[in-house]
Amino acid sequence: MAAGTALTLLAFTYPALASLQGLYLTVPPSGQLRRVDVATLGVVGESEDVGLPLEANGYVMPGCVPSAVDQTGKWFFTLARPGNDSGRWHLVGMLMEDGSIRTDQVLPDIFPPSLEACDHSLETDGGWMVMVSAVVGEEVSESSHGSRLVVARFNYTFSTKKQPEILIDVDVDSIGLGGAAEYLTTSFFDIGNILFVVLEHGIASCNLTSGEVVEALKLPSKGDKLSLLPFDVTQMRTYIVLKTASGNFFLAYFSPEAPASSFEISNITVPVVDRDGSASAYLSDKREIVILSGTTLYLLSLNGTILDSSVVCGDKDSYGCPSSLHYEPFVFKALQPDKMGIVRDEKLPVVELLRQSFLCKDQDHFLRVDYDVWTTFLQKQDGFLSKETWASPEPPASGNCTLWQAIHWATRELWKSIPGDALAETDRIFVRRFGYRQKLETLPTDDGMGFNVLAVSTTSSRMVKR
């Protein structure tokens, strides 16, 4: 690089220093954002309120609302109505760190105000996109005839105020899976940009790129009901809480790449899921499931064993219990300075430095896919602190562009503890979505050991030793 030039910071992911890991929910009717520490269920003080309730900002919350978590920006999304607006639902985004409201956008006109909040489903793509789904038309008819499946996408990549796009608008009858489901839930699968939507008799596959909607799988019995849980990238499965026609609840799953042929109902029974069947969540880093049944939150292993439980809310008839739960797996470790302002830790922080090269025309596409796939994966790992992407301000000499990426880790031990098969699977997903294998180099040497952080100078010019 020529003297006097510098790198341009293109992307920066730096989480809050305090741990945000936990189960998030909003408590009706106040709309209080609450974090539950699933590691300490049954212990007094295992939950904490985050910021002010939505009602303090003039919002009205019904007893049942959907929600979603943006694990990149760490926003919690839900639906609410301003107190002075009895009409349309608003998509409200709150910062998970302090509960502050970061965005408020009214749903498009295609979503009628007569729909209940829980007639909608919210889902994120792991990044800055929020999908709102609903079956519209049935609220004025007793049959699915004439009703439509609608999916709108809200984009928060570079702005908090972008007009939502209508990605899906199809006749429900054309899908062949009946009308609206009793438990409307959705799950996003990044390979192929697919959103799975639960309908009355099965699961529809919505291609958010082409707008095509097809049957993904049909339930064995018309009396069955199901609720989707988030996709597990390491096991290539989407888990399901299934309510059979007999009224029992079972754990089921399918592979998003071949839903119909891989669909399997286990013999594992789970507690009755309350609140319209959506009050359950998957703990992706622990391979565990939480289910709210009555006022009790149950923590279960994937073999059905109840690991722990705790009463987390008031009587459901008083609207004290949430209708949906979402898990935030990221763990951020703060290194606290002593009275001299020096951080002392025998296990040194490290920086992983990468050089990525690809066709210049694909730079925006690379940044987006890298953010969705690799950054999302890394943020779930113990020890991850931040990630930066740099570019030279000088134009490239050829049609190839080079970006540098600095990934900060709390310790080398935590960095290198990531399972190799999980890394390989994430790499496979990245290459598939990006379209080809980019040139990847590790610095300073090709052994991938990175750099030790020995000292950091702060804005006060005090050197912070590691």
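Predicted model: local features only at pLDDT ≥ 70, side-chain atom pairs only at ≥ 80, totals over all residues.
Reader: Why is the disulfide of Cys64 and Cys118 called left-handed?

Author: The torsion about its S-S bond is about -90°, so the disulfide gets that label. Residues are numbered from 1 along each chain as its sequence is written, and side-chain values use heavy atoms, with hydrogens and water left out.

Reader: What makes Cys64 and Cys118 a disulfide?

Author: Their sulfur atoms are 1.8 Å apart, and a disulfide is a pair of cysteine sulfur atoms within 2.5 Å, so the pair qualifies. The structure holds two disulfides.

Reader: Why do you say that this pair ties parts together?

Author: Cys64 sits in the loop between strands E5 and E6, and Cys118 in the loop between E9 and E10, so the bond links parts 54 residues apart in sequence. (Strands, E, are DSSP runs of at least two residues and helices, H or I, of at least four, numbered from the N terminus.)

Reader: Which residues of H2 and H4 meet?

Author: Among them are Phe366, Val369 and Trp374 in H2, and Leu423, Ile429 and Phe430 in H4; contact means heavy atoms within 4.5 Å. By class, this contact has 10 nonpolar, two polar and four charged residues.

Reader: How do you know that E15 and E16 pair?

Author: Two strands pair if DSSP finds at least two bridges between them. E15 (residues 194-199) and E16 (residues 202-207) have six, in the antiparallel sense, so they pass. One example is Ile194, whose bridge partner in E16 is Asn207.

Reader: What makes E14 and E17 edge strands?

Author: The open sheet runs E14-E15-E16-E17, with antiparallel pairing. E14 and E17 each have a single partner strand, so one side of each is left without a neighbour in the sheet. The twist averages 25° from one strand to the next.

Reader: Where does Val150 find its opposite number?

Author: Val150 stands opposite Asp169 in E13. Six bridges join E12 (residues 148-155) to E13, and the two run antiparallel.

Technical notes: Nonpolar A, V, L, I, M, F, W, Y, C, P; charged D, E, K, R; others polar. Axes fitted to C-alpha atoms, helices over the stretch in contact; angles between N-to-C directions.
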